[in-house]
Amino acid sequence: MHEELSPLGLTVVTVSLELSDPEASRPFIEAASPTHPSLLDPRHQLDALFGVVNIPNVVWIDEDGVIVRPAEPGWPPGDDYPDWLRSYLDDRDATIAAKAAEVEATDPELAARMRGGQDRNAYPDAIRDWARNGAASEFAMTPDQVVAASTGRSPDESAGAAHFELANHLWTAGDRDAAIPHFNQAHRLQPDNWTYKRQAWSLVGNENAGGGELGRFNQGPLPGAEDDWPFDGNFAAESAATPAGDYYPKTL
Amino acid sequence: MITDSLDVSPEAFAAGTGWDIKPEGACKGEVCVPLPDGYSAAHAADRLGMAMVTDEASGLTAFGPESLGGRALTTAQAPEVILPDLDGNEFHLSSLRGKKVVVVAWAPY
């Protein structure tokens, strides 16, 4: 997308929300070999500064530094994943597709709900439209619309972010046991923030898996070791309890 | 913003939160929030709806982001963000003024 639209004056900037070693992000960045800036955000500053709450989340900023679409689920076209991840995702997608077909046949109402949420295929065209038409694009918001459409934030959610920053700081300093309660508080106070959850779950899941290419995709307890899992939730349980339309809310 | 002392200079408060301390109050973009008691980090945090959470064991306090108006953004003016690349080089998002920018947050998990 960057190469397609840079002649129109648009640049993509990718930002990895991962608090551990930069090496965790390196294989993905090298597989994509980006020609655009590719940055690391170990403290999840984009959550606090822009209202990012999940990945992928996208923010549009115009030539004058004015946000014209606040953080929302979005997918640039074309995935450049490492081969091992591509294979994993293809297998997972096949499983999801089979499950979706089953639900479609047995529970059409649930199937309709699961189809909700952001339209992945339409998103790149919205970016293209803005690249060509700027402020005249139907997808470019006014400043007031941007503020109103930005992620909700209550005082409790501000406290959730503060707990996440403490957790992040303490974990990075090697004080794992002190970090865990702050992660849990962050999750309780910002229940809709999936980057806070998946970050924490993946840190411990990766430890439990002994690392490896897919270690960070373990985001729940190992079978039989549920009592050792230090968090209130885990990815399988929470994602199953979340309608697809809520996981990636529709904003286009 | 994380600190081991609540005695935070206005400059450090601005660097840590994105809110500049000016004569008219705490300001970001076109928004200024008056500080009737004058500047202190705790007063500014209170006026901006920033939670302050202290970790008793370490003595560290984290200031959450502002919650004015119940939204993550109080202004559409993009905040400055300075982040490293894989080689540790710092990149300023503001260096892209003059271009349209699509920021994509992702993660290896």
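This is a predicted model: local features need pLDDT of at least 70, side-chain atom pairs count only at pLDDT 80 or more; totals for chains, interfaces and linings use all residues.
Two strands pair if DSSP finds at least two bridges between them, and strands here are DSSP runs (E, at least two residues), just as helices are runs of H or I with at least four, both numbered from the N terminus. Local features need pLDDT of at least 70, side-chain atom pairs count only at pLDDT 80 or more, and totals for chains, interfaces and linings use all residues. Residues are numbered from 1 along each chain as its sequence is written, while chains are lettered from A and ligands numbered from 1 in the order in which they are written.

**A sheet built from both chains**
- An open sheet of 5 strands, with mixed pairing, runs in the order β2(A)-β1(A)-β9(B)-β3(A)-β4(A).
- Its edge strands are β2 (38–40) and β4 (67–73) of chain A, each of which pairs on one side only.
- Strand β3 (residues 57–61) of chain A and strand β9 (residues 100–106) of chain B run antiparallel, joined by 5 bridges.
- Strand β1 (residues 10–16) of chain A runs parallel to β2(A), and 3 bridges join them; A:Ser16 has A:Leu40 as its bridge partner in β2(A).

**Where the chains meet**
- Contact here is a matter of C-beta atoms, placed from the backbone, lying within 7 Å; 72 residues of chain A are in contact with 47 residues of chain B.
- Helix α8 (residues 155–172) of chain A gives the largest share of the side of chain A that touches chain B, with 11 residues.
- Leaving aside neighbours within four places in sequence, B:Val103 is in contact with A:Val13, A:Val15, A:Val58, A:Val59 and A:Ile61.

**The nonpolar core**
- A nonpolar core is a set of buried Ala, Val, Leu, Ile, Met, Phe, Trp, Tyr and Cys residues joined through C-beta atoms within 7 Å; buried means that 20 or more other C-beta atoms lie within 10 Å of a residue's own, again placed from the backbone.
- The largest such core has 78 residues, of which A:Val15, A:Ile67, B:Val102, B:Val103 and B:Ala105 touch the most other members.
- The largest share of this core, 8 residues, comes from α8(A).

**Chain A overall, and confidence**
- Chain A has 12 helices and 4 strands, and 39% of its 252 residues count as buried.
- Chain B has a mean pLDDT (the predictor's confidence in each residue, from 0 to 100) of 97, and 100% of its residues reach 70 or more.
- The model scores ipTM 0.97 and pTM 0.90.

Definitions and conventions
Two residues are in contact if their C-beta atoms, placed from the backbone, lie within 7 Å. A residue is buried if 20 or more other C-beta atoms lie within 10 Å of its own, exposed if 12 or fewer, and partly exposed in between; C-beta atoms are placed from the backbone.
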